[in-house]
Amino acid sequence: MTKPIDLLQGTLDMLILKAVSLGPLHGYGVLLRIQQISKDRLEIQQGSLYPALYRLEHQGWITSEWGESENKRKAKYYRLTAAGKRRFQAETEKWNRMADVIAGILSTTPEEV
Amino acid sequence: MTLWSRLRSWLRTILQRARMESEMDAELRFHMEARAEDLIRGGVPCEVALRRARLEFGGVESAKEECREARGAGFIESLLQDIRFGSRMLRKSPGFTAVAVLTLALGIGASAAVFSLVNAILLRPLPYPESSRIVLPELVSPPGVNLGSEYFPWGQLQFRMLTRDANPFQTVAAFQNDSFNLTGSGEPSFLDGFRASQEFFSTLGVAPALGRSFTTDEDQPGHEYEVILSDRLWRERFASDRNILGRTIELNEYAYAVVGVMPAGFAFPRAEEMPSSFNFPREPLLWVPLALPAEPKPGLSELAVIGRLKPGVTTQQAQAAMDLVTRHAEEQDHRWIGWFNTRVVPLQRQVVGDTRHPLQLMLGAVCIVLLIACSNVANLLLTRSLGRRREFTLRAALGAGRARLIRQSLTESLLISVAAGAVGILIANAAIYFVKMLGPANLPRLREVTLDLPVLAFALAVSLATGILFGLAPAIGAARDNLADSLREGSQKSGGSRMSPRLRNALLVSQVALALVLVVAAGLLTRTFFQLLGADGGFNAERVLTFQLPLPAVKYAEQDHIVTLFGSLLERLRVIPGVQSAGIGETVPMGGEGESTVIRMPDHPAASQKEMPFANFTVISPGFFAAVGTPLLRGRDFQETDATDSLPVAIVNKAMERKYWPREGALGKQVGPGSTRFPLLTIVGVVPDVKHASLREETAPEMYVLYNQKPWPSLLNMRVALRTKSDPAAVTGSLRDAIHAIDPDLPLAKVATLTTLVDDSMAQPRFSVFLLGAFGVLALLLASIGMYGVISYSVLQRTQEIGIRMALGAQRRKVFGMVLGQGARLAGLGIAIGLVAALGVTHLMASFLYGVRPTDPLTFAGVSLLLLGIALLACYLPARRAMRVDPMVALKYE
């Protein structure tokens, strides 16, 4: 297993939105889901997860409610809101465009300049 | 949508703070426990799993702080925290908090009260619509003519010229005070009122609340029997009867139809709002038409004039227009030259009048108190912040940002100032209540004083500004500190930067200096007050009863009739048991100004009519001087043998003798009224100067004449003075009986003892002394608290040093002296600066003083000693504490 890479600035929000878009999750579940999807290649600071969740909720992209966890414990579940869904799509498109541009720049050879 | 969710989240933060916090805790605990369970499943031993989970998570507290901020509630959250923490800190040192809050509250309360007075009396417009357009055109005495007052009543002819020619005015009205004997409905009573021309009410812009004002027809001689009542008279005398309109009431034995009732609170003109020489009644209760004759009488009259300027016309323009009228009149008739000088005075300025000066004095005094209070609180906060330096540096070391530290200490001082503002408002309210109760009745507009919004805003602004200013300084100091150094040093020893003791000393010195200025001012006023109490008014006020005897003009049209009445009245009064002597006079001492007139003296012929001398001219009866206790200096008193047909005689006061016959004396000299229709009188006696309105007045020349030797003025409004053997109140009953035995319709007015009259005349100086004295005591108290704080802090700081000195053999007495010396040096410096400042300031209050110079050395020296004594007393406790320092304890202190 390769050493996990640190998260790029500003991408945690997008990853959280993606994680909860697949179904309601509690905070720890968001962490597990991201690690699972990324196949443990991303290192997420657990301490920074919750401020991000609170920020997204404050902005109205996600909403929360108390529910019961798999092992019958009270846990707070996050869901994507309609506004959050639109936001997530917009962010995804932006990211893809950006990634294309960056990739294009980085793959440029001396002959193409 | 998102805006709404943000708002909701803020609201939730504020309203459900506790729930949000516990939910956050639960969520994070769930995270940690779930992680620990996973770790256990992965093979990590139970005991270490939770610990590992925590380590992986990182700083829980900082994550929580970030969460709170993420929720958009960081500011509110930490503000609440600051307030909670701040109030806990303040509760932990209740002594400091109480002193700081009380000090500031006293300053704020006192200044809010004085500002309310100033606002209501000086700044707020008068309660008349567009009151800035209302002016009083006043006649000014010709230059070189001394009437005892610069004002001069308008004559009928002059008023007619004014209405005809001068027209900066939209409307102009004349009025004249008069007394009315109300009979026919209950006990006869004597009412103060005014005869007013038709435009009087429209000039003021106030219409009757009930009925109408006078018509032009009613303002004509022969048709003037209509009356407008004041709200108070209507209420008290006619039981607020709405059917009063059209009914007739009997005034001075004429039937008057009631045509209107004025709104509540209207009582123009009140005595205190007009020049005092007009001698107007305190509060008019009714108005009747002036009804000037179509052919106005030339010569003197007793009119006052009020005008409403046309829109856009300034006082200066009005003055210019009036000057034009004057010149025009002088060109047409040379006799007018010098006798038609006018001055246009805005009503507002007239009403405020002489009150401006005492109020400015109060304003200055209260500003000093506020300054002392603020600098005291600043000193307290500074001292405290030095004591808490270690706490602040520790918090900085633990990661508190500088901004956060500053905010923290700001919050604390703001808490103090908000609390002080609240207490200050209570104090201000109480103070206003007392001022309204105890304030002199002649303070204009006193009844309008309230603690209003602008004043509240002012008080709050002052308290907040103080809080911010003096909360910031220590916080910035703390934030700038070098962490490592501060932590290494002991909290006691490190007295802050070298600047702060100097700053604190400077604050203290300025407090002492300011207090000195204030107390010197209060001392000068107090000495003035006692000088006035001891001043010789030319009479003896003890056991003297006075009252006014207004005679109905219809019944007593003949002067002989009045003379007979007075003769039999005096006879009857003198035999009342308990009466020592009785006399009748046109005025009584402290009863107000009397008449003055042009006089002629054969041995002082006037070069021209303009240079004819004036003198007060007072009609009295034999026995008057004995009754009011005026001793005869030379010659003889009036006697019963001075009859209508015997030699006409006069008595003059010392001022008159000194002015005209300084060497040879006045006895045997001749003097008479200006008009040659009256005979010359022979001066038979000289009496001391009797004061009329105030004990501080400069007495003018005065001559007394006998009521039964055909004097010039009318005798319709005389006063009676009775000297009694015991309590004057005991004779009032038999007095009424005696008067009503002669004429049952005669009303008695203004029954008062001479002591009461003197007391009333002292109301204003007493009030000033009371207020300024209160401020002085406050200033002394605050300055001594400041002194105590600074010295005891410095002793605390120097504990170690004092311990070493003692260990090296310093004597306790010497240590005691050293601390006292430190206090004395600071106090001495403050006193020196204060003395210089006081010398510069007290000459401004020369007009308030009587019998004391503004640089009175006794007051200056006394106050300096007092202040030094109080300063040393304030140092005494800390000095004793220093003396008791145990060298061992002090050295181990670190």
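How many residues of chain A are in contact with how many residues of chain B?

1. The model is predicted: local features need pLDDT of at least 70, side-chain atom pairs count only at pLDDT 80 or more, and totals for chains, interfaces and linings use all residues. Residues are numbered from 1 along each chain as its sequence is written, with chains lettered from A and ligands numbered from 1 in the order in which they are written.

2. Between the chains, 18 residues of chain A are in contact with 22 residues of chain B (contact: C-beta atoms, placed from the backbone, within 7 Å). On the chain A side, helix H2 (27–37), helix H3 (46–59) and strand S5 (74–80) each supply at least two residues (helices, H or I, at least four residues, and strands, E, at least two, are DSSP runs numbered from the N terminus). H3(A) gives the largest share, eight residues.

3. H2(A) and H3(A) also meet each other: A:Gly27, A:Val30 and A:Leu31 of H2(A) touch A:Gln46, A:Leu49, A:Tyr50 and A:Leu53 of H3(A). Their axes come within 10 Å and cross at roughly 115 degrees (axes are lines fitted to C-alpha atoms, for helices over the stretch in contact; angles run from 0 to 180 degrees between N-to-C directions).

4. In chain B, the axes of H25 (residues 812–842) and H26 (residues 857–883) come within 8 Å and cross at roughly 150 degrees. H25(B) and H26(B) are therefore roughly antiparallel (angles over 145 degrees). Among the residues in this contact are B:Phe816 and B:Leu820 of H25(B), and B:Leu868 and B:Cys875 of H26(B).

Conventions
Two residues are in contact if their C-beta atoms, placed from the backbone, lie within 7 Å. Angles under 35 degrees count as roughly parallel, over 145 as roughly antiparallel, 65 to 115 as roughly perpendicular and the rest as oblique.
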